[in-house]
Amino acid sequence: METAARQVTEPVPADTGKRVLLAAPRGYCAGVDRAVIAVEKALEVHGAPVYVRKEIVHNKFVVETLTDRGAIFVNETDEVPEGARVVFSAHGVSPAVVASAQQRNLQTIDATCPLVTKVHKEAVRFASDDYDILLIGHDGHEEVEGTAGEAPDHIQVVNSPDEVDKVVVRDPDKVVWISQTTLSVDETMETVRRLRERFPTLQDPPSDDICYATQNRQVAMKKLAPHCDLVLVVGSTNSSNSVRLTEVALDAGARASYLIDYAKEIDETWLDGVETVGLSSGASVPEILVQDVLKFLADRGYADVQEVRTATEDLLFSLPRELRADLKKAGVGDGRPKRGPRTPLNVAVK
């Protein structure tokens with residue numbers, strides 16, 4: 001059962017006693033919801049095993065739960081038996097990965113987030129116009145690898161504002177920036193500001209590349225963090241948007257901020273002298289994990305929960321077209337994502 005929370009738009013100074021400021025929006029975004037359902041439905045229609053290249057989303061609990069149901073996570077397509085079914089993760093893949101899957105006659109389900117696909121298309125378009133493309137993101141992240149793979153001869157990755165001085169382009173008047181979708185908005189804009197100082201005619205992408213969910217969660221964090229002695233972010237260490245939330249919390253004024261996968265990871269000494277705890281979760285985190293943290297805190301006197309809402313999200317993405325065709329053929333549902341906690345993952349945490 002979920003913890004009841006009073007909803008507020010502006011945190012107020014704490015009265016006597018302990019409280020939790022619960023961020024909203026938090027947790028699953030539409031792209032994650034779509035990707036997780038894609039694996040669930042593939043298992044339902046085709047049975048186990050269903051292979052998944054990389055982690056379907058960056059969350060330990062989600063990966064472990066789907067593994068228990070019969071998903072097999074691999075690093076590359078050459079680990080998948082020839083002719084088998086494989087799901088591409090929400091972070092997207094490069095054309096080289098698609099080609100490798102085709103060579104092995106794999107049956108693919110592309111669960112790439114549509115917002116990541118948008119960035120891929122931008123990269124292809126700007127490369128076709130022979131631009132130097134500056135991809136703001138983190139080297140080694142799967143999303144960055146997939147996007148860079150769309151136009152490797154035109155793209156260079158800029159990891160941070162400090163790397164701007166190292167950028168070399170062919171024509172300073174023909175440069176455009178794009179970005180990973182899960183970055184800190186503030187740091188990205190600082191990188192863009194510095195790039196524009198070097199390249200005054202730097203072009204912007206047609207629309208924001210940082211996804212709506214990443215931005216919304218950061219805005220909510222900025223609203224509650226200044227009122228918090230401690231901020232807890234539920235999310236995995238390889239989740240870029242979750243890590244960014246802990247950084248945003250500190251930048252916004254929280255005295256301390258920690259990233260945790262499970263309530264059991266909370267160090268009780270963190271609560272010493274703490275009156276107000278802020279709580280949020282990354283975009284790949286099921287709500288059940290947040291509720292576990294709320295229960296942990298309530299058991300220690302933090303029963304007053306105020307949900308600080310800064311936006312309401314209702315975006316839905318259709319399931320991958322390959323899977324929709326399979327569902328239709330099997331007569332299983334309509335493939336439409338449903339909002340709210342995902343039932344198959346809403347189980348007790350060991």
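A charge is said to sit over a ring if NZ of Lys or CZ of Arg is within 6 Å of the ring centre and within 35 degrees of the ring normal. This is a predicted model, in which local features need pLDDT of at least 70 and side-chain atom pairs count only at pLDDT 80 or more, while totals for chains, interfaces and linings use all residues. Residues are numbered from 1 along each chain as its sequence is written, and side-chain values use heavy atoms, with hydrogens and water left out.

**Exercise 1.** Find the ring over which the charged end of R125 sits, and the ring over which that of K174 sits.

*Solution.* The charged end of R125 lies over the ring of F126, at 4.7 Å from its centre.

**Exercise 2.** Classify the aromatic pair formed by F61 and Y262, and state which parts of the chain it ties together.

*Solution.* Rings of Phe, Tyr and Trp (its six-membered ring) pair if their centres lie within 6.5 Å, and planes under 30 degrees apart count as stacked, over 60 as edge-to-face and the rest as tilted. The structure holds three such pairs. In one of them, the ring centres of F61 and Y262 are 6.4 Å apart and the planes stand at 90°, so this pair is edge-to-face. Because F61 belongs to helix 2 (residues 60-69) and Y262 to the loop between strand 11 (257-260) and strand 12 (276-281), the pair links parts that are 201 residues apart in sequence; helices (H or I, at least four residues) and strands (E, at least two) are DSSP runs, numbered from the N terminus. Buried means under 20% relative accessible area, exposed over 50% and partly exposed in between (1.4 Å probe, protein chains only). On that scale F61 is buried at 5%, and Y262 is buried at 9%.

**Exercise 3.** Decide whether C29 and C113 are in a disulfide, and whether each is buried or exposed.

*Solution.* A disulfide is a pair of cysteine sulfur atoms within 2.5 Å, and a search of the whole structure finds zero of them. The cysteine sulfur nearest to that of C29 belongs to C211 and is 5.6 Å away, and C29 is in no disulfide. With a relative accessibility of 9%, C29 counts as buried. C113 is likewise in no disulfide, its nearest cysteine sulfur being that of C29 at 6.0 Å, and C113 is buried, with a relative accessible area of 11%.
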